[in-house]
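Me: I would like to learn how to read strands and aromatic rings in a protein model. Could you take me through the features one at a time, with the general idea before the case?

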Amino acid sequence: MLIVIVKRFYHSKIGANLQIYNTDFIIIVIKFIRYRLRKFYGVIFVYLYFSNCILMTLYFKPFLVLLFVTAFGFSQVEEVNPPNYIKTIAFKGSTNESQLPIIKLGEPLLLEFDALSGTEPDFYYVIEHYNYDWTPSNLVKSEYLRGFDNQRIQDYKNSFNTYQIYSHYMLQIPNQQTRGLLVTGNYLISIFNDSDELVFSRKFMIYEDLVNVGVSVKRSRDVKYIDKKQSVDIVINNSNFNFNNPLENVKSLIIQNNNLNTAISNVKPQYTLGNQLIYKYTSETSFWGGNEYLYFENKDVRAANARVQFIDLQDIYHSYLFINTPRVNQIYTYNPDINGNFLITAVDTDDVSIEADYTMVHFALQHPELTNGEALYVYGNFNNYALESDNQLKYNSESGLYECAFRMKQGFYNYKYVMTDRNGTLNEGAISGNYYQTENNYKVLVYYRDLGARYDRLIGMGEATSVDISN
C-alpha cells in the first residue's frame with residue numbers, strides 16, 4: 001500500500017471526472033491488487049480522503065504509473081490457507097517428512113501439493129522477501145532473486161490407480177526460470193491459479209551460518225508452572241561476526257514443533273558476556289509443555305491400521321479412528337511422535353506421490369458439550385495448524401461425541417485436539433494437558449540488521465529437543 005499526502009489543494013480538475021475542492025490536505029491511498037507481470041496488467045484503487053471522508057474511488061486497468069511516494073504503515077503478512085480442493089501441502093528437505101521450510105542459503109527448496117479437481121489446473125508462483133516482523137523488506141526483486149518468478153509450475157503428474165483423482169504438483173527452487181535466492185531472511189511463496197486468484201501461500205526462511213546458536217531446554221524457572229512449562233535458554237557465540245549494538249539490532253524467533261502460530265518473537269538478548277549473547281529469561285522464552293501428539297496410519301486403505309478402528313468403502317474409502325478422550329489432568333505417558341509432522345506412506349506402490357489414495361478420515365472426541373462459546377479443532381502440520389471450519393469438531397447429540405471428517409492422503413500423521421474460547425484465543429493444552437516431560441522440538445532463528453542495512457539477515461539457527469530437559 002502506498003500513501004501520498006498532498007497539502008492545500010484548491011478547486012481544480014484532473015482528467016474528465018475528478019474534481020478536488022478546497023481542503024487543508026488530501027491523503028491519496030493507492031492500493032495495488034493482484035499485480036501480475038505474466039499478463040502485464042493490474043488494478044489500482046485510489047481513495048481520496050477529505051477530512052476523514054472518502055470522496056471518490058478511481059479504477060484503472062491497464063496502467064503504467066510513476067510515483068514519488070512515501071511508503072509506511074505496512075502490516076504483517078499472514079499465510080493464506082488453501083481451498084478444499086488443494087491438499088497435502090508439503091515442504092521437503094533432507095528428509096521425506098514434511099517440515100517447516102528453514103533452509104541454508106544455497107540449498108534447494110521443494111514444495112509439493114495435490115489438486116483434487118481432476119482438471120489439471122495451471123498454477124503460478126510468486127516469491128517475496130520480508131523483514132523479521134513479516135513486513136515487506138525494502139529490497140527489489142532483483143536483489144534477492146536471480147532469474148524470474150511468476151512462472152507456471154510445469155512439473156506435475158496425475159494420480160494412478162486411485163479412487164480419488166488428483167494431480168500432484170512439484171516445485172523445486174532453483175529451477176530453469178528461478179535460478180536462485182540470493183539473500184537470507186524471511187520469504188513468502190504465493191500460489192496463484194490461471195485466473196490470477198491467490199490459492200494459498202506459505203512462509204519459509206533462508207539462513208546462513210555466521211554465528212553459533214546454542215540451545216538448551218530447562219524446566220520453567222517460575223515455580224507456579226514448573227510442572228507444565230519448558231523454558232528455552234540461548235547462547236549466541238559471535239566470535240567470527242561483529243555486532244553493532246546487539247541488544248537492539250539482534251532479534252530471535254523461537255519455534256516449538258515447527259508451529260509458527262505459537263512461536264515467540266521479538267526476543268532480544270538479556271545481556272552480553274564477552275563475545276556471547278545470553279538469553280536466560282524466566283518467562284519471556286517459556287512455552288507450555290503440551291503433550292505428545294496423537295497419531296494414526298492408514299497406509300493400507302483396505303484394512304484397519306494403527307489407531308484405525310474400521311474402514312468403509314463408499315465413493316472413496318472412509319477410515320474411522322478410535323475414539324479419543326481428553327488427557328488433561330491425567331498422568332503423563334511417553335508416546336513417541338514426530339512432533340506434529342506427517343509422512344506419506346502406502347503399501348504396494350512404487351510412487352507414493354501419485355499412487356497413495358485419499359481417504360475420508362473420521363475423528364471423534366469424547367467430551368461434554370461446550371456451552372460458553374468454545375470451539376474444538378483437530379490440527380497438525382498436515383493443515384499448517386490452521387483453525388478453520390473444515391477441521392472444527394461438531395457435537396453429535398446422538399453419539400455424545402465431537403466429530404469431524406475430511407480427506408487426507410494415505411500416510412502416517414500426528415494430530416492434536418485444541419480449544420479456542422469465545423474470543424478465539426487458542427488453548428493447546430485444554431484437551432491434551434501440559435507436562436514438562438513432553439518431548440518437544442525447538443528451533444531458534446537469529447536475525448540481525450546492521451546500521452544502515454535495508455533488510456534483516458538471518459545469520460544463524462540452533463535446534464534442541466526437551467528429551468534431556470534439566471532444572
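This is a predicted model: local features need pLDDT of at least 70, side-chain atom pairs count only at pLDDT 80 or more; totals for chains, interfaces and linings use all residues.

Me: How many bridges join β7 to β9, and which residue stands opposite phenylalanine 91?

Reply: The antiparallel strands β7 and β9 are joined by five bridges, and phenylalanine 91 stands opposite leucine 111 in β9.

Me: Turning to the rings, how many aromatic pairs does the structure hold?

Reply: A pair of aromatic rings is described by two quantities, the distance of the centres and the angle of the planes. The structure holds 31 aromatic pairs. One of them is formed by phenylalanine 113 and tyrosine 169, which are stacked with 5.2 Å centre to centre and 10° between the planes. This pair links distant parts of the chain, since phenylalanine 113 belongs to strand β9 (residues 109-115) and tyrosine 169 to strand β14 (residues 167-173), 56 residues apart.

Me: Why do phenylalanine 113 and tyrosine 169 count as buried?

Reply: A residue is called buried when its relative accessible area is under 20%. Phenylalanine 113 counts as buried because its relative accessibility is 0%, and tyrosine 169 counts as buried because its relative accessibility is 1%.

Me: What is the geometry of the pair formed by phenylalanine 342 and tyrosine 413?

Reply: Phenylalanine 342 and tyrosine 413 are stacked, with 5.5 Å centre to centre and 10° between the planes. This pair, too, links distant parts of the chain, with phenylalanine 342 in strand β28 (residues 342-343) and tyrosine 413 in strand β33 (residues 412-420), 71 residues apart. Both phenylalanine 342 and tyrosine 413 are buried. They also belong to a cluster linked by ring pairs, whose members are Phe296, Phe342, Phe363, Phe382, Phe406, Tyr413, Tyr415 and Tyr417.

Me: Over which rings do the charged ends of lysine 203 and lysine 416 sit?

Reply: The charged end of lysine 203 sits over the ring of tryptophan 134, 4.5 Å from its centre, while that of lysine 416 sits over the ring of tyrosine 293, 4.5 Å from its centre.

Key. Residues are numbered from 1 along each chain as its sequence is written. Side-chain values use heavy atoms; hydrogens and water are left out. Rings of Phe, Tyr and Trp (its six-membered ring) pair if their centres lie within 6.5 Å; planes under 30 degrees apart count as stacked, over 60 as edge-to-face and the rest as tilted. Helices (H or I, at least four residues) and strands (E, at least two) are DSSP runs, numbered from the N terminus. Buried means under 20% relative accessible area, exposed over 50%, partly exposed in between (1.4 Å probe, protein chains only). A charge sits over a ring if NZ of Lys or CZ of Arg is within 6 Å of the ring centre and within 35 degrees of the ring normal. Two strands pair if DSSP finds at least two bridges between them.
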